[in-house]
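Here is a short walk through a structure. Keep the sequence and the 3D view side by side as you read.

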Amino acid sequence: MATTGSVSKTFAHAEEAPVSERDLDWSVVQRVQAGNVGAFDQLVQKYREHIFSVIYNMTSNREDASDLTQETFIKAFQAIARFKGKSSFFTWIYRIAINSTMTFLKKRSRRRYISYENINEEVSSSDIVESLTAKNRSEKGALVQELQEKLNDSLQKLSPKHRTVVVLHEIEGLSHAEIAEITKTSVGTVRSRLHYAKQQLQSYLKDYIG
Amino acid sequence: MAKLPKERQTEISVEDLLRLKRSERPSDQFWNEFDRELHQRMLQTLVKKDPWYLQVVRGFSGRILQSTAIAAAAAVVAMVVVRPAFQPTRAVHVAQASVPETVGAPVEVAVTELSLAEATSLPDYQTDVISAEETSSDVNFVRDFGMDSMQVASYDASAYSTDSPQARVSFASAGVASLVY
């Protein structure tokens with residue numbers, strides 16, 4: 001995945017000039033629809049890290065996330081001829097990813113495998129980890145690993161619908177309106193789910209908060 | 001990466017913790033493998049045959065649809081032509097005997113419910129009136145009961161050649177075939 005800064009930058013840019021970003025994607029989509037299959041790779045390169053991040057944080061399994069991300073792009077590739085550009089490609093591909101993940105989670109409901117992604121080394125020097133290390137007087141590496149497990153475990157305790165909203169808003173940085181469009185719900189529903197999910201997470205992560 | 005404002009450096013929120021999740025990122029090697037696998041799978045989708053159910057659906061839009069339509073039309077015609085053969089025989093005969101042209105759906109009717117006029121318009125017998133009062137020749141005979149006359153059917157014995165000789169003799173003299181009430 002791209003750096004956190006680039007994720008925010010991409011969507012911050014999309015918020016500032018959504019039309020141009022949308023048009024850029026639409027022009028690539030039209031090239032693919034015209035038969036330039038290679039142009040699809042531009043869309044893959046642009047969105048693969050975001051899609052992977054969403055799915056990984058929904059499943060807490062890097063292998064499943066990899067498979068589902070590939071599946072998302074294959075579904076998009078197969079259906080791109082029917083994409084009319086009524087919504088942005090970004091919304092459309094996120095919706096495919098969320099729907100694929102939801103279907104997967106329903107099938108996987110009885111068995112759950114955890115397979116964590118590597119944590120970037122930058123996190124060790126973050127203010128949050130520094131603060132937690134000082135507060136808990138624990139070793140930094142062990143704390144980071146413990147925190148990763150606890151965060152993933154807490155997310156998995158949420159229902160898929162609440163988890164989706166938390167992941168898209170708090171981790172991916174999408175706005176309420178964008179999430180509402182992707183999940184085909186109202187902004188009010190998104191806010192309500194987000195509020196409830198955060199309350200749940202606060203109780204699960206109370207040892208680290210405050 | 002997950003920098004806290006100075007005034008909040010001692011306070012950690014759920015949002016701050018969740019932001020740490022952004023640092024769980026695959027390596028470049030992962031993305032190289034990912035791209036290779038994705039291209040392979042996309043090529044497979046380009047050359048892969050559609051599943052059988054999609055082929056069936058597509059087939060229906062072509063020749064299968066035409067042949068199915070023809071078969072369905074033939075079945076409808078066959079049903080229209082053959083259907084009368086499946087009607088109850090007795091009901092059809094009764095209906096045809098009474099109003100063959102106008103009756104749409106045959107109705108089961110018991111034979112005893114039919115009047116003579118409906119059953120046939122040309123009887124092959126004649127009726128005579130017999131009465132005990134008229135035929136009595138004994139002047140001393142006194143009736144202690146009332147008696148009405150009744151109609152009986154008389155017939156021409158020669159028209160019933162299959163009757164036994166005894167029966168013909170015994171009934172021919174009386175000229176009575178059967179009682180009709």
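Two residues are in contact if their C-beta atoms, placed from the backbone, lie within 7 Å. Helices and strands are DSSP runs, numbered from the N terminus: H or I over at least four residues for helices, E over at least two for strands. This is a predicted model, in which local features need pLDDT of at least 70, side-chain atom pairs count only at pLDDT 80 or more, and totals for chains, interfaces and linings use all residues. Residues are numbered from 1 along each chain as its sequence is written, while chains are lettered from A and ligands numbered from 1 in the order in which they are written.

Start with chain A. It has 10 helices and 0 strands. Of its 210 residues, 36% are buried. A residue is buried if 20 or more other C-beta atoms lie within 10 Å of its own, exposed if 12 or fewer, and partly exposed in between; these C-beta atoms too are placed from the backbone. Among contacts in chain A with a separation of 6 or more, 66% join residues 24 or more positions apart.

Now look at one helix pair. Two packed helices are described by the angle between their axes and the distance between the axes. Axes are lines fitted to C-alpha atoms, for helices over the stretch in contact, and angles run from 0 to 180 degrees between N-to-C directions. In chain A, helix α3 (residues 40–59) packs against helix α8 (residues 160–171) at an angle of about 135 degrees, with the axes 10 Å apart. That makes α3(A) oblique to α8(A). Angles under 35 degrees count as roughly parallel, over 145 as roughly antiparallel, 65 to 115 as roughly perpendicular and the rest as oblique.

Which residues meet there? From α3(A) come A:S53, A:V54, A:N57 and A:M58; from α8(A) come A:R163, A:T164, A:V167, A:L168 and A:I171. By class, this contact has 5 nonpolar, 3 polar and 1 charged residues. Here Ala, Val, Leu, Ile, Met, Phe, Trp, Tyr, Cys and Pro count as nonpolar, Asp, Glu, Lys and Arg as charged, and the others, Gly among them, as polar.

Next comes the core. A nonpolar core is a set of buried Ala, Val, Leu, Ile, Met, Phe, Trp, Tyr and Cys residues joined through C-beta atoms within 7 Å. The largest one has 50 residues, and A:I55 and A:I93 have the most contacts inside it. Its largest share, 9 residues, comes from α3(A). Beyond its neighbours within four places in sequence, A:I55 is in contact with A:A65, A:L68, A:T69, A:A97 and A:T101.

Is A:I114 buried or exposed? A:I114 counts as exposed, because it has 12 C-beta neighbours inside 10 Å. This residue is in the loop between α5 (89–107) and α6 (127–136) of chain A. A:I114 and A:S60 are 54 residues apart in sequence, yet 5.7 Å apart in space, C-alpha to C-alpha.

Turn to chain B. Its secondary structure comes to 8 helices and 3 strands, in the order α-α-α-α-α-α-β-α-β-α-β from the N terminus. Of its 181 residues, 9% count as buried.

Finally, the two chains touch. The contact takes 28 residues from chain B and 37 residues from chain A. On the chain B side, α2(B) gives the most, with 6 residues. By class, that side has 12 nonpolar, 6 polar and 10 charged residues.
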